[in-house]
Protein chains: 2
Amino acid sequence: MNNDPDPLPSELEVLRSSSMSQVIYKEIEKIILGGTLGPGEKLNEKALAERFGVSRGPVREAFQALHARGLVEMIPNRGAFIQRITKHDAVEIYDVRAGVFGTACRLLAERIDNATLADLNALLARMDAVAAKRDLDAYYPLNIEFHSTIVKSCGNATLASIYFDLVGRLHLFRARGLVHGGGFESSNAEHRAIVEALDDRDPQAAFEAAYTHVQLGKRRVMVSGDGPQSNASTT
Amino acid sequence: MNNDPDPLPSELEVLRSSSMSQVIYKEIEKIILGGTLGPGEKLNEKALAERFGVSRGPVREAFQALHARGLVEMIPNRGAFIQRITKHDAVEIYDVRAGVFGTACRLLAERIDNATLADLNALLARMDAVAAKRDLDAYYPLNIEFHSTIVKSCGNATLASIYFDLVGRLHLFRARGLVHGGGFESSNAEHRAIVEALDDRDPQAAFEAAYTHVQLGKRRVMVSGDGPQSNASTT
DNA sequence: GAATTGCGAATTGTTGACAATCAATATTTT
DNA sequence: AAAATATTGATTGTCAACAATTCGCAATTC
């Protein structure tokens with residue numbers, strides 16, 4: 001009868017109660033990708049359930065979804081652990097990401113409008129500016145926005161979903177490490193090559209430029225640190 | 001005390017009880033991809049639980065995993081339904097699959113050995129043989145094996161997983177329909193172009209051949225039937 | 001002193017029960 | 001009779017409890 005019996009919606013009770021496990025999913029995903037709990041660490045069912053104010057059921061359901069997405073490792077009778085990414089895994093993910101991102105550019109080259117092109121060129125200019133100042137903290141989000149803009153603009157939601165999945169998994173690899181500069185001028189040069197191919201509406205060239213860019217980004221990350229403790233933004 | 005109290009292990013009690021939900025996952029996946037229960041149909045928790053002899057918990061966990069993989073649609077307070085794939089969705093999936101399969105060929109071109117090449121050439125010959133006889137039932141599994149061999153040989157398990165995921169989702173689109181012949185001579189010609197590029201160890205050419213092949217396969221499927229009631233094997 | 005064995009606590013896997021929601025039918029009203 | 005409304009049945013969402021397994025630590029053994 002009365003509207004909103006709960007005085008404080010508290011962000012967790014806003015959504016329908018039915019999608020509770022999906023809310024928990026998003027929350028745990030935040031914990032994992034936020035890096036507050038490194039790879040290999042255990043996810044305690046009871047602790048998480050109490051933290052979110054629910055029972056263990058929804059938490060377990062979220063675990064299964066996270067496992068299917070490759071963010072969580074399930075060991076029988078042991079529980080859920082944040083997925084451990086080996087260097088070999090990271091190489092694999094980078095290679096797939098190169099192909100997926102290249103495909104995004106290829107598709108985008110066939111449909112890009114001038115507004116999107118202007119956005120990308122603006123990002124290029126801003127990245128050049130911060131690169132000249134060696135401001136890596138400013139470069140990082142711009143770099144992400146550049147790639148995201150392309151992927152979101154290519155008109156393929158399935159591709160975008162897979163792409164961001166891969167990016168998330170890579171976050172596990174380079175979780176919470178220092179950033180290695182060096183080579184983000186060349187990184188932006190590669191960005192410019194991509195935009196030029198898009199401007200030419202040349203799908204093959206766009207793919208090649210994008211694929212090569214990610215591959216070079218992989219090398220930049222791999223040479224900087226062998227273990228999963230290096231963060232690199234110049235991809 | 002006595003070993004194996006259950007007279008019939010029945011394939012469901014063989015594995016550890018802990019991975020029960022994952023066994024249920026595989027079983028429901030079989031139901032979905034097997035086509036005995038078309039897209040949009042409802043998956044009843046209680047009925048499935050009784051069928052597998054477990055409670056609803058593991059079934060719900062399996063639902064979440066299937067949802068994360070894009071095989072099941074979850075509607076709040078309504079339950080789980082086999083994912084409905086629109087024509088637009090199918091186009092998206094085909095485009096991503098083209099890029100992923102192309103990437104597999106690109107990677108394979110850099111590492112293929114003569115044994116794998118011989119396998120692929122043998123498959124080409126067998127496909128030519130059955131294509132000459134217009135034996136579509138024989139062509140279909142060979143075609144699948146050809147693509148699977150490439151994907152499994154490219155040395156990237158992450159890519160393979162994503163690829164087979166996409167193939168599974170496409171199965172939902174063309175579930176339980178008649179097969180449209182026409183164009184599977186050209187399909188095998190495209191296969192041959194892929195193998196030739198692999199033989200040349202030419203990554204770019206391999207990608208282009210593979211990408212084009214899937215794109216043409218998409219067109220062959222799309223022109224044959226607008227709705228989700230057409231099965232096409234010549235991809 | 002090092003390795004092994006044997007508890008006890010904690011955690012996971014599963015279940016059955018209860019509350020909430022939805023679909024479908026029956027009933028009432030206009 | 002048609003539309004709107006109430007009621008019933010079924011299904012989903014959530015929870016708390018129980019069984020089984022694992023982990024940590026102490027006691028024992030070699």
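Predicted model: local features only at pLDDT ≥ 70, side-chain atom pairs only at ≥ 80, totals over all residues.
Arg201(B) sits in the loop between α8 (184-199) and α9 of chain B. Check its backbone angles and you'll find phi near 55°, a positive value in a residue other than glycine. That deserves a second look, because most residues other than glycine have a negative phi.

**Stop 1: a glycine in another loop**

Stay in chain B and pick Gly35(B), which is found in the loop between α1 and β1 of that chain. Is Gly35(B) buried or exposed? Gly35(B) is buried, because its relative accessible area of 15% falls under the 20% cut-off.

**Stop 2**

Switch to a cartoon view and look for the strands of chain B. There are 3 of them in an open sheet, ordered β1-β3-β2, with antiparallel pairing. Color β1 (42-43) and β2 (72-75): these stand at the edges, and each has a single partner strand, so one side of each has no neighbour in the sheet.

Next, zoom in on β2(B) and β3 (residues 79-82) of chain B, an antiparallel pair with 4 bridges. To see one place where they meet, select Val72(B) and its bridge partner in β3(B), Ile82(B). Then bring helix α3 (residues 56-68) of chain B into view; this helix packs on the sheet and touches β1, β2 and β3 of chain B. The direction of α3 makes about 115° with that of β2(B).

**Stop 3: the sheet of chain A**

Hop over to chain A. Here, too, you can trace an open sheet: 3 strands in the order β1-β3-β2, with antiparallel pairing. Its edge strands are β1 and β2 of chain A, each of which pairs on one side only.

Go through the pairs one by one. β1 (residues 42-43) of chain A runs antiparallel to β3 (residues 79-82) of chain A, and the two share 2 bridges. Then there is β2 (residues 72-75) of chain A, joined to β3(A) by 4 bridges, again antiparallel.

Now click Ala80(A) in β3(A). Ala80(A) is the bridge partner of Leu43(A), and Ala80(A) is also the bridge partner of Met74(A).

**Stop 4: the turn of the hairpin**

Follow β2(A) to its end and select Asn77(A), which lies in the loop between β2 and β3 of chain A. This hairpin has 3 residues between the strands. What is the phi of Asn77(A)? It is near 65°, positive in a residue other than glycine.

**Stop 5: an arginine in a helix**

Still in chain A, jump to helix α9 (residues 203-224) and select Arg220(A). Arg220(A) is buried, with a relative accessible area of 16%. Show its side chain together with that of Ser186(A), and you'll see a polar contact of 3.5 Å joining the two.

**Stop 6: where the chains meet**

Finally, show both chains together. How many residues of chain B are in contact with chain A? The count is 35, and they touch 35 residues of chain A. The area buried between the two chains is about 3100 Å², with carbon and sulfur atoms giving 51% of that. On the chain B side, highlight Glu61(B), Gln64(B) and Glu92(B): they lose the most area to chain A, together 17% of what that side buries.

Next come the charged and polar links. There are 4 salt bridges between chain B and chain A. One to select joins the side chains of Arg106(A) and Glu208(B), at 2.8 Å from N to O. Across the interface, 13 residue pairs are in polar contact.

Which helices of chain B supply at least two residues each to the side that touches chain A? Color α1 (20-34), α3, α4 (87-109), α7 (157-173) and α9 (203-224) of chain B to see them. End your tour on α4(B), which gives the most to that side, with 9 residues.

Note on methods
Residues numbered from 1 in each chain as written. Chains lettered and ligands numbered in written order. Heavy atoms only, no water. Buried < 20%, exposed > 50% of the residue type's maximum accessible area, 1.4 Å probe, protein only. Polar contact = N/O pair within 3.5 Å; in protein donor to acceptor, adjacent residues only side chain to side chain. Pairing = 2+ DSSP bridges. Contact = heavy atoms within 4.5 Å. Axes fitted to C-alpha atoms, helices over the stretch in contact; angles between N-to-C directions. Buried area = accessible area lost by both parts, 1.4 Å probe.
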